[in-house]
Amino acid sequence: MSRARAIRRPLDPPGSSGPAAQLSLTRAAPTAFAALVAAATLLPAARLDAQIQADEAPAFRFVDRAAALGVDFVHGAGERGAFWLPEIFGAGAAVFDADGDGDLDMLAVDGGDHGRTTVGSGMETRPCRRGEHQLYLQDSGRFHRAERSGLGARGYGMGVAVGDVDGDGLDDVFISAFADATCGGDALYRNLGGGRFEDVTEQSGLASEPGSWGTSSLFLDVDGDGDLDLFTLRYLRYEPKLACSDQAGRRDYCGPGAFAPAADRLWRNDGGGRFEDITEASGLGAAASGLGVVAADFDSDGRLDLYVANDGEANQLWLQTEPGRFIERAVANGAAVNELGKPEAGMGIALGDADGDGLSDLFLTHLRAETHTLYRADSALGFLDVTTSSRLGGPSFPLTGFGTAFGDFDLDGDLDLAVTHGGVTRGPRPARRATGDLARDYGQPTLFFEQRSGRFYPVAIEASADVGRALARGDLDGDGDLDLVTGHTGGPLKVWISPDAPARRWLQVDVRNRVGGVAEHAEVQVEHGGRRQVQLLARGQSYLTSHSPTLQFGFGEPAPEASSSARLDRVHIQWHGDPAAQLTLLDVPMNRRLQVVPTP
Amino acid sequence: MSYSKIVTPAQNPPTVRLLLLCGLLATAPAPEPVLATPGEGGPPLPDLQRVEPPVRKKIESRQSEVVARPESAEAWGRLGMALDIHDFEASAESAYARALALDPDHFPWAYYRALTLTEISDPRAADAFDRALELNPNFSPLLIRYGDFLLDAGDADGARLHYSRGLEADGDGLTYAFFGLARLALADGDLEAAAAHAEQATALDPSNRDAWGLLAELHRRRGQDRRAAEARQAYAAIRGPAVLADVFMAELMEEGVSSFWHHKRGQFFLASRLDERAEAEFRRAIELSPHAIFFESLARALLIQERSDEAEEAVRRALEVAPDLASSHLFLGRLLVRAGRPEEGLASLRRAAELRPDTAAAQEFGRQLVAAGERVEGMRWLERSLEVEEEPQVLLGVAFFYATTPDAELRDGEKSERMARRLLEITGERPEIFDVLGAAFAAQGRFDEAIQAAERAERLARGRGSPMVLQMRRRLELYRAGQPFIASR
């Protein structure tokens with residue numbers, strides 16, 4: 001009996017004579033794509049006044065600068081004591097260049113007023129009122145509201161996916177929602193340029209049916225036809241009349257086990273502005289309570305696979321066996337449950353090569369008393385739960401995690417972690433007055449972890465107590481290190497800026513496609529000083545989130561004079577969808593954003 | 001109450017220790033607000049607004065005892081228990097601490113305090129565990145919980161010490177001690193030792209689901225697919241997580257007076273076949289909060305007592321409160337079918353299956369349809385349930401149906417073959433799977449392969465003394481004669 005495993009070829013050691021090491025600009029494979037001339041644009045760093053931090057101090061820090069940067073968004077959850085479950089799950093966020101001016105903007109997804117309130121022992125329902133998603137455009141380092149962005153809300157907003165669905169080089173936006181007959185549901189917005197969007201939901205066929213509950217979603221080219229298809233998670237078939245209590249007998253939000261799970265949806269882009277539901281044909285019709293998702297080629301067969309974090313049920317690893325056809329293989333590959341065989345309450349997902357072996361590892365956030373879980377990719381066994389040895393169990397045990405991202409925050413060459421937290425039930429956080437103030441009853445801190453030799457240590461950052469949900473990554477201030485944006489249920493959008501100038505050498509890689517759009521799911525390898533780092537351009541991950549498309553690498557070397565002389569050995573880019581679509585650059589300057597645009 | 005785990009700074013180098021402490025401060029919950037101050041000498045209490053009346057009454061009563069006898073460790077400890085069980089851990093910890101200050105040698109207060117501190121992620125938990133251990137060094141639940149705490153804190157040596165002591169200690173912690181040692185060995189990368197410990201845990205307590213789950217993963221990592229599948233099956237067959245027997249925790253649970261705890265205790269009594277006590281607990285929960293789930297639990301307790309009419313009334317109350325509660329529709333459907341009202345029962349089961357096409361609802365509906373002679377629709381629902389969970393017995397039944405159905409239009413050997421192969425992946429080699437695979441090959445006219453599969457099925461079944469051998473032989477003879485096996489209508 002054979003067992004299908006997600007086997008990904010380990011990278012050859014740097015300097016070996018393996019296939020990857022043979023590639024260079026002058027030895028491009030003789031295919032149509034490889035014959036293209038790559039225009040590698042070296043963009044100057046915005047700020048280079050480096051400063052080395054003392055080893056004794058935390059290697060990085062973040063400061064919430066939302067207010068100073070002009071960001072004033074507060075998520076509307078619409079809570080009125082009815083304990084309507086979707087209201088405790090929202091607050092999506094995205095970081096992307098909405099207006100095409102080269103810097104990063106931010107989108108905050110609003111919930112709205114769902115209209116449910118408690119009257120006596122029953123529930124009264126008034127007409128819903130749509131929320132107000134907010135696009136913040138960056139201009140000279142500050143952000144301002146795009147008042148006429150066209151991103152008007154439909155439904156009760158949850159999460160966001162960003163991608164160029166019409167192939168015009170501009171990022172379009174999909175917003176998932178809890179759908180209501182009056183307020184609508186999921187929405188697709190076409191980017192018109194200049195920070196303006198057009199609602200094309202009806203034309204696209206993506207309008208969702210009332211009662212459907214969309215959570216995380218992402219764009220991917222599933223059928224290899226060159227345009228982006230859409231995969232969107234459905235959480236539960238929610239029954240609002242079911243009530244639950246906490247241990248003291250107070251009303252509280254119900255857990256997912258009280259409701260039927262819902263089947264996720266795969267939509268094929270026909271290239272003409274319409275999406276067709278191909279869920280059943282794709283084999284993805286199994287119902288499960290999905291909250292987090294990421295797409296990557298886990299089995300190295302050239303096709304994108306999907307990994308779904310399910311709440312309270314086994315996670316799913318959907319391996320794409322032929323274009324648009326998937327089979328589920330999480331159990332056989334060790335990614336369905338934790339090392340104790342237990343399904344956990346999967347919320348958010350971070351994808352990244354945490355241990356530097358060239359394989360994409362998975363970090364999943366979970367419910368309080370479960371611990372978050374780090375699955376290390378193994379070339380023979382699929383995934384191995386290494387939470388205990390990585391020391392991520394203890395700090396995460398008392399918290400409920402949602403959004404998360406790997407990132408080399410201290411630019412030392414390995415990946416660190418950030419996680420938002422926020423309860424979904426009251427739990428052992430000291431219970432306070434049940435006024436409907438979500439933060440007081442459910443608020444938990446955002447945590448940052450520094451990696452040191454495979455172990456993760458919490459880094460002291462301001463202890464917030466908001467109900468953390470989305471977490472998006474990107475170098476917002478263009479200074480060469482990563483910043484973060486976090487969405488909070490019923491709370492503010494926070495903009496976590498890394499306030500110090502990068503103390504170590506770095507490189508950012510921005511991979512584009514032929515029309516200048518983001519080259520989704522491209523893979524970038526960088527080699528320097530005998531060490532190789534690999535990152536995948538996967539914007540859709542975390543929870544209800546879309547990350548910046550620019551990949552960030554750190555090299556661990558102090559950078560006092562980095563601007564002039566520092567160079568790294570090699571950068572190799574593999575575009576997704578065509579094995580021959582690759583490019584190798586040698587002797588590349590550091591402390592730059594490298595934008596790679598294939599030109600016809 | 002579960003127990004928490006935090007990092008132990010002592011196990012890390014100085015620089016990292018600083019980071020850990022900072023991190024812990026960041027994760028520690030904010031102090032519980034003092035919103036109600038009792039009379040002179042009394043303890044600060046959390047906000048008791050909106051808690052159910054018996055909870056408030058109990059806590060306030062315990063508070064009065066403390067006010068009346070402020071030097072009584074017993075009064076402070078009992079107040080801590082009343083707070084603790086109703087999720088006011090921070091206040092509970094204060095009360096336990098006061099009780100310990102008054103009576104430093106009383107083990108329960110030290111034990112509860114250690115568990116409460118872990119629950120709220122307080123760095124003082126390690127010291128509290130040490131104090132409890134001084135007072136009762138041979139209590140296995142304490143040793144196991146402290147071992148778990150240290151393992152997750154990264155202190156492998158400390159964890160090993162306490163698990164090893166758990167092997168020798170009083171109480172029922174032996175299984176958990178082996179389980180902990182298995183986790184330790186896994187963290188060390190010693191798969192063989194880990195598997196040996198996990199196997200000891202399952203041998204000592206075959207109902208320990210956690211140990212089976214760990215064993216499944218260990219077998220997977222060792223490349224032993226069949227054993228992994230068997231362990232996964234054992235895991236899936238056990239309802240509910242393993243519970244470490246602990247007299248002190250049992251005493252704490254008794255303190256719960258909210259609808260939540262009445263319901264919890266009712267479930268425990270139901271599982272223990274103490275049906276009348278379960279009924280009483282469920283009725284008390286309903287008095288406090290008439291939740292649909294409580295009515296459904298009451299219906300279960302009544303049905304077990306053969307009080308079908310009352311059970312039906314209770315579950316219909318559940319559906320009045322929450323009309324789309326799939327589990328109640330499922331329960332009602334089963335009840336009605338059993339009561340000889342199949343049409344009503346099927347209607348309820350259909351509703352349950354539509355609401356929740358998971359294993360229980362869709363499978364039950366599918367089975368009942370098949371039993372009612374509606375095999376085609378029944379199979380459709382059974383197949384639908386497989387989309388959610390590949391329950392091996394259902395998969396086997398559906399695969400057999402598609403290979404052998406007398407309806408030629410429905411017969412689908414390829415589909416049956418796919419299902420049988422999937423079964424082999426899930427459960428490993430079993431005679432009945434090769435039997436179905438043989439039938440699937442035969443349905444496609446691939447008789448050589450059918451014969452091979454059927455021979456293998458017959459050989460395996462014979463080796464296991466299975467009563468299926470005769471049927472398998474008959475099918476084998478058919479294949480040798482170039483005929484598929486067709487089930488009777």
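The crossing of α8(B) and α9(B) is left-handed (the near helix is turned anticlockwise from the far one by less than a right angle; clockwise would be right-handed). The model is predicted: local features need pLDDT of at least 70, side-chain atom pairs count only at pLDDT 80 or more, and totals for chains, interfaces and linings use all residues. Residues are numbered from 1 along each chain as its sequence is written, while chains are lettered from A and ligands numbered from 1 in the order in which they are written.

Helix α8 spans residues 156-168 of chain B, and helix α9 spans residues 174-187. Helices (H or I, at least four residues) and strands (E, at least two) are DSSP runs, numbered from the N terminus. The two axes come within 8 Å and cross at roughly 155 degrees. Axes are lines fitted to C-alpha atoms, for helices over the stretch in contact, and angles run from 0 to 180 degrees between N-to-C directions. α8(B) and α9(B) are therefore roughly antiparallel (over 145 degrees; under 35 is roughly parallel, 65 to 115 roughly perpendicular, the rest oblique). Contacts (C-beta atoms, placed from the backbone, within 7 Å) involve Ala156(B), Ala159(B), Arg160(B), Tyr163(B), Gly166(B) and Leu167(B) of α8(B). From α9(B) come Leu174(B), Tyr176(B), Ala177(B), Gly180(B), Leu181(B), Leu184(B) and Ala187(B).

A second pair in chain B is α11 (residues 209-221) and α12 (residues 225-237). Their axes come within 8 Å and cross at roughly 160 degrees. That angle makes α11(B) roughly antiparallel to α12(B). The crossing is left-handed. On the α11(B) side, the contact includes Trp212(B), Leu215(B) and His219(B). On the α12(B) side, the residues include Ala228(B), Ala231(B) and Tyr235(B).

Ser308(B), Ala311(B), Glu312(B), Val315(B), Ala318(B) and Leu319(B) of α17(B) meet Ser328(B), His329(B), Phe331(B), Leu332(B) and Leu335(B) of α18(B). An α-helix has 3.6 residues a turn, so residues three or four places apart point the same way.

Helix α15 of chain B covers 14 residues, 275-288. At 1.5 Å a residue it should span 20 Å, and its end C-alpha atoms are 20 Å apart, which agrees. The expected span is 1.5 Å times one less than the number of residues. The buried residues of α15(B) are Ala278(B), Glu279(B), Glu281(B), Phe282(B), Ala285(B), Ile286(B) and Leu288(B). A residue is buried if 20 or more other C-beta atoms lie within 10 Å of its own, exposed if 12 or fewer, and partly exposed in between, with C-beta atoms placed from the backbone. The cover over these residues includes α2 (53-68), α14 (259-271) and α16 (292-304) of chain B.

Chain A contains 7 helices and 47 strands. Of its 600 residues, 66% count as buried. Among its contacts between residues at least 6 apart in sequence, 64% join residues at least 24 apart.

Six-stranded and four-stranded sheets are found in chain A. In the 6-strand open sheet, the order is β10-β9-β4-β3-β43-β42, with mixed pairing (two strands pair if DSSP finds at least two bridges between them). β10 (142-145) and β42 (540-541) of chain A stand at the edges, each with a single partner strand, so one side of each has no neighbour in the sheet. Within this sheet, β3 (residues 93-96) and β4 (residues 105-108) of chain A pair antiparallel over 4 bridges. Phe96(A) lies opposite Asp105(A) in β4(A).

The 4-strand open sheet has the order β2-β38-β37-β36 and antiparallel pairing. Its edges are β2 (63-64) and β36 (468-474) of chain A, each with a single partner strand, so one side of each is left without a neighbour in the sheet. Strands β37 (residues 483-488) and β38 (residues 494-497) of chain A run antiparallel, joined by 3 bridges. Thr486(A) has Lys494(A) in β38(A) as its bridge partner.

Strand β34 (residues 447-452) of chain A has 5 of its 6 residues buried, so it is largely enclosed by the rest of the structure. β34(A) pairs antiparallel with β33 (residues 416-421) of chain A over 3 bridges. It also pairs antiparallel with β35 (residues 455-459) of chain A over 5 bridges. Phe448(A) is the bridge partner of Ala418(A) and of Val459(A) in β35(A). The hairpin of β34(A) and β35(A) has 2 residues between the strands, and Ser453(A) takes a positive phi near 55 degrees.

How values were computed
Two residues are in contact if their C-beta atoms, placed from the backbone, lie within 7 Å.
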